[in-house]
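Colleague: Could we go through this model together?

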Amino acid sequence: MTPLLTVSNLSRDFTKSLDMVAKLLNRLGQNYREEVVHAVDDVSFSVFKGEIVGVVGESGCGKSTLGRMIAGILPPTNGHVFFDVTQAKNTDIPDALRTQMIFQDPFSSLNPRKRVIDIITEAPIHHKLIAPSEKRAFAIEMLKRVGLDPDTLERYPHQFSGGQRQRVGIARALAVSPEFLVCDESIAALDVSIQAQIINLFVDLKDSFDLTYLFISHDIGVIEHISDRVIVMYLGRIVETAPIETFVKQPNHPYTQALLAGVPRLEVGKRQYEPISGEIPSPLSPPTGCHFHPRCKFATPRCKAGKPALREIAPGHFSACHLNDEA
Amino acid sequence: MAGKAATTTGAIPASGWQKFWSDFCESPTAVGALFVFLVILFIAVFAPFVSPTNPYDLASVDIMNSRLKPGSEDFEGNVYWLGTDGAGRDMLSAIFYGLRVSLGVGAFSGVVALVIGAAVGLSAAYFGGRFETLTMRIVDIQLSFPSILMALIILAVFGKGVEKTIIALVLVQWAYYARAARASALVEKNKEYVEAAQCLALGDRRIILHHIMPNCLAPLIVVGTLQTAHAISLEATLSFLGLGLPITEPSLGLLIGNGFEFMYSGDYWISIFPGIALLITIVSINLVGDQLRDIFNPRLQR
Amino acid sequence: MRCTVDPILQIKDLQTHFFTKAGVLKAVDGVSLEIKSGEIVGLVGESGSGKSITGFSIMGLVDAPGQIVGGQILFKGQDLAKLSPAEMQAYRGNRIAMIFQDPMMTLNPVLRIETQMVETILSHDSSVSKVDAHARARDALGLVGISSPDERLRAYPHQFSGGMRQRVSIAIAMLNRPDLIIADEPTTALDVTIQGQVIHEMQRLCQETKTALLWITHDLAVVAGIAERICVMYAGRIVEKGANANIIAAPMHPYTKGLLGSVPGQNRRGQPLQQIEGMVPSMMNLPKGCAFQNRCNLVSDICTSTNPDATSTKDGRLVRCHNIAAGDRA
């Protein structure tokens, strides 16, 4: 089976170029350098149709940047994203619409000046997927799909709660019949009980509309609940990719292990936290070699020297750790 | 299906306009100023109908009536509430017609400057890069000159006249609008609904006009209000100096200027009353603009 | 001097209302809870439940248009709600300290850490010399696990990462050896690994110094790991209160059950999460009777007419629900 989405050597740098004064000073002998952040550093993976792939990581890991590159909002500096159109179920849709994104902030992800009916139907009308006369019926259909009351069509975003706004955002994305959805921390800003509603909604929609998800989150509990496969990122690189069972029971990379050990769990009884030491390094000056080596219990000199390659250590299980080479 | 069909949270906020009006009414000063401004606007628009006389109809003006004190009568029994000027024209009527010209020129140039400035500012913010750097440098350079100086230079180059004055006012003002539009657009550009529109492949033009611009209107309206007052006062200054509008289109500034020579002989009303009219106009617009700015300021908790 | 009056904090029927143009918002409407000396109590609720306002009320930080309209906040026997601002100032930062979600609410961005810490010490005890205050500040930083404290003291807040800033906030809170610390979502904005570090530090500190801690959060999993007792808030009232183990293992109030059921995790894979239908009602327009009635699957007639009182249960809990099984009641 070929993947629906293939990401090859995808990279994205953010460069703060020198201004005129700095350039002038450089000519006079100073040594100002451009600041480059490798937000995403040579990332490759595939997603198969119908899968939910969870991407987890902390601040600075690049997961949001990765999501935006896959959704087409941000152009990559290197590498490319390939979408297998032959697996698409609807051939009339323009390619640009096949991947859609659900955003994090329910308050800024909807245009405050537009009514819900316009928010949802703007893109389908613009791309001539529906006729203007069908606008109302189409919008009602979309609202029902995401569990909203169709009477709220004419309302503005500020008249809805956070969870309802997320549903409107989902309806907006579904309106163009996408195949692939990138969910970037889509539930992070919601209350726990509302999160549960939206997670259930995502799962239902996936089954009803044959969708494939890239689910980006920092919340390990959600990732564990919803994903078929998990990608763990640290400072722009993938450190581990595994099927969900393996991720939970046999994490290989020391960072994954530390992450799973440090997550608060809803279990009876108090626990003593044994956290890993150290701060997350600044993306402006990441450690050499393996980015994780300053915080890693098992670090060796080799870890400081060279970047570990992402290697398959078991079927479907990839890890980027030098310690695996010894095995 | 997930989730019960949801309705809005308990208290539905009042519609946009109602809330806006109730916020505006929180300041009695602003409401008063708005009322005064609307009266002035009414006078300006309907000047030919509300004026006691038409001061520019040469047939009705009699040099024998010149320099009459406020409140005096002429031989035919007409009362000149604000006196007459050197040529015998009724000051009250002259002020009404003057308001018309001042407001008209100020508002028109403001609107044109807003369109140009907003277009430049929005595009600069959205497209960024060299275009933004170039245009914003021009804006910065222009804004570093005092506006009166810029206007004088432009009029010196182009000459006097109504169109030329309007062009000068537009060229002076567009930069303020551009800066306000760019600042506002930069904030909106980074919001997720703009990213969503890009994800939905709606095209740059549509995104700028339908998504970003409507959300930038608030600061532009505030700048517009305050700038209109500025434009009116700028035009008055130019006309006072004799450089702006010609005598055939007398604005308040021109009236003040023409009446100035009479101040020395004690006939204050020929210059002062147009001055007071100008003052009231500008202050009322500024007060309304101030309240608008406070309403639209997201940091002030309401 | 470690205080031995128990319970160190006793809130009785606290009511904090906000008087806005649109109506009266009963943010806290009859909250009672106790914290013993050295105990860690978790106050759990979602947004709008009133948990943060409870914390602010204890500290006397509720500003107009809000005010405490009823109830008592007994701290070592003294009713804080009745104190004047000047008198409250003597307690704040001294005997009771607060840690906020955003460390920049504690830290002044234009002052060095050292200045802020020394100021905290001196403002409550002007007899301390600057040298001693500096030494205490350095020790406090060491206490929260910050290495090379001398360098760090000279730094400004923006030179720290989020996790470090939160640690500095904790250090400042600990400076005057308070009897009680109120922590309002202290780790919510932090990354998972940093969160683990901060929870670990706070746990250790409270164990070592026997400081009581009120941990306010929406994250049940966090309090499940560290608190001795848990209080669950909904719409301004505490709906369930009891020992950690009891509540997590066998929640009784329908809201608590729903909340626990909503938390995703690997043990729930493949199954839909339990949903609490509907939304929190508007705080200005609470329904007559139990605030949870619109979302409860056990709702009955009495629920729509009378607000339930707190019922004691056999295992020492208090639950505000009409529909507790008779067998569970005390």
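Colleague: Is Leu10(A) buried or exposed?
Modeller: Leu10(A) counts as buried because it has 22 C-beta neighbours inside 10 Å. A residue is buried if 20 or more other C-beta atoms, placed from the backbone, lie within 10 Å of its own, exposed if 12 or fewer, and partly exposed in between. This is a predicted model, where local features need pLDDT of at least 70 and side-chain atom pairs count only at pLDDT 80 or more, while totals for chains, interfaces and linings use all residues. Residues are numbered from 1 along each chain as its sequence is written, and chains are lettered from A and ligands numbered from 1 in the order in which they are written.

Colleague: Where is Leu10(A) placed?
Modeller: Leu10(A) belongs to strand S1 (residues 5-16) of chain A. Strands (E, at least two residues) and helices (H or I, at least four) are DSSP runs, numbered from the N terminus.

Colleague: Which residues does Leu10(A) touch, not counting those up to four places away in sequence?
Modeller: Among them are Val40(A), Val43(A) and Met69(A). Contact requires that the two C-beta atoms, placed from the backbone, lie within 7 Å.

Colleague: What separates the C-alpha atoms of Leu10(A) and Asp41(A)?
Modeller: The separation is 6.9 Å, although Leu10(A) and Asp41(A) are 31 residues apart along the chain.

Colleague: Turning to the whole of chain A, how many helices and strands does it have?
Modeller: Chain A has 11 helices and 11 strands.

Colleague: And how much of chain A counts as buried?
Modeller: Of its 327 residues, 46% count as buried. The C-alpha trace of chain A spans about 65 × 60 × 40 Å along its principal axes.
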